[in-house]
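The following exercises concern a single protein chain. Work through each task with the structure in view before reading its solution.

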Amino acid sequence: MTGSATTPAIAGTHSDNRGIWKRNQRALAPWVFLAPGIFMFALYVIYPIIASMWLSFYDWDGLGTRTWLGMQNYVELLDDDAFYTSLYNNIIWLVLYMLAVPAGLFIALFLNQTVTGIRIYKSLFFFPFVISQVVVGLIFAWFYAPNFGLFYNLIEWITGTGVAVLADDRFVTYGIIAAGLWPQIAYCMILYLTGLNNVAPDQVEAARLDGAKGFKMLWHVILPQLRPATFIAIVVTVIGALRSFDLVSIMTDGGPYGSSRVLSFYMYEQALSEYGFRMGYGAAIAVVLFAIMMIFISFFIWKMVRDERGM
C-alpha cells in the first residue's frame, strides 16, 4: 500500500518538473547555454576584482599574515609622488593613444579599394598587429638607441645633435607611446576594414545621386554605419592605454629615474618586484586604475546608447 501511494506522488513531481521546463523552455534555454560562460566570468573576472578591492585595505607581503589598514593605503597614495607621475603618464597615454582611432580609420579607407596589389599593402599594415609587444618594444628600443639607432642618426643628421629618447625624461613617455601606437593603429584599421565591408551600398549610391561626395559622404553616410566599429576601437584603445605595462617594462623598466612609469607598471613594482612585495598597496593602485578605466568606458557606452536612441 505504501509503495503504491508513493509512486504516483513521485511520478507527479517528475511530470510537474517537465511541465515547468516545457512552459518556460524559451526563457530558460538561453540561460542554460550562458551558465558556463557566466560561471567562468564570475570566477576569473568578478571574483578577482572584488578580491583586489578587499586586499587594498590590508598590508600583506603575499606570504605572511594580513594586517588590516582600512583606508591607509589610499591615504598613502595621495602623498606618493611616484603615483602622481604614473597617473600623469597614463593621462598622456590616454590622450595620445586615441590618435590610433582616426589613423586606423583613414588607413582602412585607403585600403578599402579594389586595385592591383592592395592585398600586399593590407598585409604590410596588418603586420604590426600580429607581432608580440615585446618584439615591438625591442624594435623601437633599437630604433631610438644612441649612436646606431635610425632615429638617433636621423635627428643627428638634421640638427647636428642626436637625442637619446629613452634616456631623456622629457621625451621617454612619448617615445614609448609612439611604439605602442604602431600596433594599435593596425588593430583599429582591422576593425574599420571589417566595418566597411558591412556598409550598405544602396545608401552610398543614394547619397551619390544626391550629390554627396568626399568628406560629406564620409561624415553623413559612412561614419554613422561605422559606429559599432568606432565604439569597439575606442574601448579597446582606452584599455590598451591604461594597461600599458609590457612596452614600459621592455623599453625602459620605468626609467630614467621612474619618469616613464604608468599605473600598471607601478602596481607591479609595489606588489611583485624585488623592491616591493606590498600586495595591499599594489591592489590599491589597481583599484584606482580600474576606476579610471570604468569611468572612460561607461562614458563611451552612455554616449553610444544616447546616440542610438537619438536615431
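**Exercise 1.** Determine whether Arg170 is buried or exposed, and identify the residue with which Arg170 forms a salt bridge.

Solution. Step 1: the classes are buried (under 20% relative accessible area), exposed (over 50%) and partly exposed in between, with a 1.4 Å probe and protein chains only. Arg170 has a relative accessibility of 54%, so Arg170 counts as exposed. Step 2: a salt bridge requires a side-chain nitrogen of Lys or Arg within 4 Å of a carboxyl oxygen of Asp or Glu. The side chain of Arg170 meets that of Asp168 at 2.8 Å, N to O. Step 3: Asp168 has a relative accessible area of 16% and is therefore buried.

The model is predicted: local features need pLDDT of at least 70 and side-chain atom pairs count only at pLDDT 80 or more, while totals for chains, interfaces and linings use all residues. Residues are numbered from 1 along each chain as its sequence is written, and side-chain values use heavy atoms, with hydrogens and water left out.

**Exercise 2.** State how many salt bridges a search of the whole structure finds, and describe the one between Arg278 and Glu76.

Solution. Step 1: the search finds three salt bridges. Side chains of opposite charge can pair when their charged atoms come close. Step 2: between Arg278 and Glu76 the N to O distance is 2.9 Å. This pair links distant parts of the chain, 202 residues apart: Glu76 belongs to helix H3 (residues 72-78), and Arg278 to the loop between helix H14 (263-271) and helix H15 (279-310). Helices are DSSP runs (H or I, at least four residues), as are strands (E, at least two), numbered from the N terminus. Step 3: Arg278, at 28% relative accessibility, is partly exposed, and Glu76, at 31%, is partly exposed. Step 4: another salt bridge joins Arg261 and Glu269, whose closest N and O atoms are 2.5 Å apart. Glu269 has a relative accessible area of 17% and is therefore buried.

**Exercise 3.** Find the volume of the largest pocket, and name the helix that gives the most to its lining.

Solution. Step 1: on a 1 Å grid over the protein atoms alone, a pocket is an open set of points where a 1.4 Å probe fits, with protein on both sides within 12 Å along at least five of seven lines; lining residues have an atom within 4 Å of a point. The volume is the space filled by probe spheres set on the points, which are joined across faces, edges and corners. Step 2: the volume of the largest pocket is about 620 Å³. Among its 19 lining residues, Leu223, Arg227, Thr230, Ile234 and Lys303 are the closest to its centre. Step 3: H15 gives the most to this lining, with five residues. Helix H5 (100-111), helix H11 (214-225), helix H12 (227-242) and H15 each supply at least two residues.

**Exercise 4.** Locate Pro256, and state the form of the peptide bond from Gly255 to Pro256.

Solution. Step 1: Pro256 is in the loop between helix H13 (246-251) and H14. Step 2: the bond from Gly255 to Pro256 is cis, with omega near -5 degrees. Step 3: Asp253 also lies in the loop between H13 and H14. Although Asp253 is not a glycine, its phi is positive, about 55 degrees.
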